[in-house]
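Hi,

Here is the structure I promised to pass on. Have a look at it first, and my notes on what turned up follow below.

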Amino acid sequence: MARTVRDTNLETRAARLRLLTRRKPYWRVLESGLHLGYRRTKDGGGSWVARRFIGEGRYCETKIGTADDLQDADGVALRSFKQAQEAVRTWWRLAERMEQGIAPDDGPYTVARAIDAYFGDRERRGSKGLAKDRAAARARILPGLGAVELAKLTSKRIRDWHTGLATASKLVRTCRIVKKARKSYAVDTKDADAVRARRATANRTLTVLKAALNHAFHESRIASDEAWRKAKPFRETDAPVVHFLSDDECRRIVNGCDGAFRNIVKGALLTGCRYGELTRMRAGDFNAEAGTITVRESKSGKPRHVALTDEGRALFSELTAGHSGGDLIFLRDDGKAWGPSHQQRPLDAASARTKITPAATFHILRHTYASALAMRGVPMGVIAAQLGHSDTRMTERHYAHLSPNYIAETVRAALPALGIVDKSNVTALKAGLQA
């Protein structure tokens, strides 16, 4: 905190009342380039003014408030000499922030405000996955940390919150229209996969929190990022657990689906596309001659072309026949578009009818497509391109162990030749020769 400056002519009411009335203020230097002034008025009182140096012999000046010459100071309308100094420094700090393009400091900067500013910045930049991260912040970050000021946020508090997330009950998804208290169920701590999944969720939430706090740090809302740099994620939580259907289960799940839903399930198994990608496909995205389907809106934001098998080409030819290029390919039985949450209940019902455990999801259908390619020796680069991965790292992490040749070929290509010759340079001792 800056020290309070002393001045015998300005710090007391009696001393100020002895000053001559004049238009020019009585200035007192607070620090280099910053001054507090007192202007004596004819009505017997006075007012506080401030000025700061802006270069080339020029100053920016503003009124700070009325001096407590005739009434006691209240710190707002009437200010003492000490309170006037604090007001001048606050005005100077805000002016400096505005010149640097930083939002003004209008109160305690909490984690909740940092989260809002971070999401606002992502929204302006057109960031993907914003809705999901907002939901995670509302459910997991704001209840525990939202009211905490950034300046009071400690590494221990973040670690305690992060550890609590790993053991917290799992929230059940609810309908957005009907606003009810969200249900939850406890995680089985004896189930290693369930514990791993909860820790992975905690790590993802920690990533969102750190991103928001880093944004606040870069916006000069806090002087140090040490508190959250020391908070480390759980280790070995993202080991891929890939569930996929066998060929027999694929046939059973398709036959277990009703009506138009069967088409979209077949489309997922034959393309590896996500549910949202399938529901947005239009007839013009299918190229019958090339045997490809174009995914124009993907998770990565980049379009891709998915090569189809003869079975896939036949499916899309049937579904697009007689339709214009702008028509949706996959529609419900009532002719309406599939919504963002229309898929899981029919899949659960089909899984129950066909005795498939765990119940199939569209993510499992996507895993099934990629796993089938990997087990038949398709190169990881090709699978990555079909799935829309930006490189092969994610593909290798999930499917390399299923490829019969991938690991062996990678080892052979990477291991250098040792230059070992067949002939030995060791001469054998003759029989009976003693050392």
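E11 and R6 form a salt bridge, their closest N and O atoms being 2.7 Å apart (that is, a side-chain nitrogen of Lys or Arg within 4 Å of a carboxyl oxygen of Asp or Glu). Before you go further: this is a predicted model, where local features need pLDDT of at least 70 and side-chain atom pairs count only at pLDDT 80 or more, while totals for chains, interfaces and linings use all residues. Residues are numbered from 1 along each chain as its sequence is written, and side-chain values use heavy atoms, with hydrogens and water left out.

Back to that pair: R6 is exposed, at 59% relative accessible area, whereas E11 is partly exposed at 27% (buried is under 20%, exposed over 50%, partly exposed in between, with a 1.4 Å probe and protein chains only). The structure holds 24 salt bridges. Among them is E226 with K230, at 3.0 Å between the closest N and O atoms; E226 is partly exposed at 38%, and K230 is partly exposed at 45%. Another links R393 to D391 at 2.8 Å, with R393 exposed at 61% and D391 partly exposed at 28%.

Now for the second largest pocket, which holds about 620 Å³ of space (the volume being what is filled by probe spheres set on grid points, joined across faces, edges and corners). A pocket here is an open set of points on a 1 Å grid over the protein atoms alone, where a 1.4 Å probe fits, with protein on both sides within 12 Å along at least five of seven lines; lining residues have an atom within 4 Å of a point. Its lining has 20 residues, with D247, C250, L269, L270 and E311 nearest the centre. Helix α13 gives the most to this lining, five residues (helices are DSSP runs of H or I, at least four residues; strands are runs of E, at least two; both are numbered from the N terminus).

There is also an open antiparallel sheet in the order β8-β9-β10 (strands pair if DSSP finds at least two bridges between them). Its edge strands are β8 (286-287) and β10 (304-307). Two bridges join β8 to β9 (residues 292-295), and N287 has T292 as its bridge partner in β9.

Lastly, E277 sits in helix α10 (residues 275-280) and is buried, at 4%. Beyond neighbours within four places in sequence, E277 contacts V295, E297, S298, K299 and R304 (heavy atoms within 4.5 Å).

Cheers
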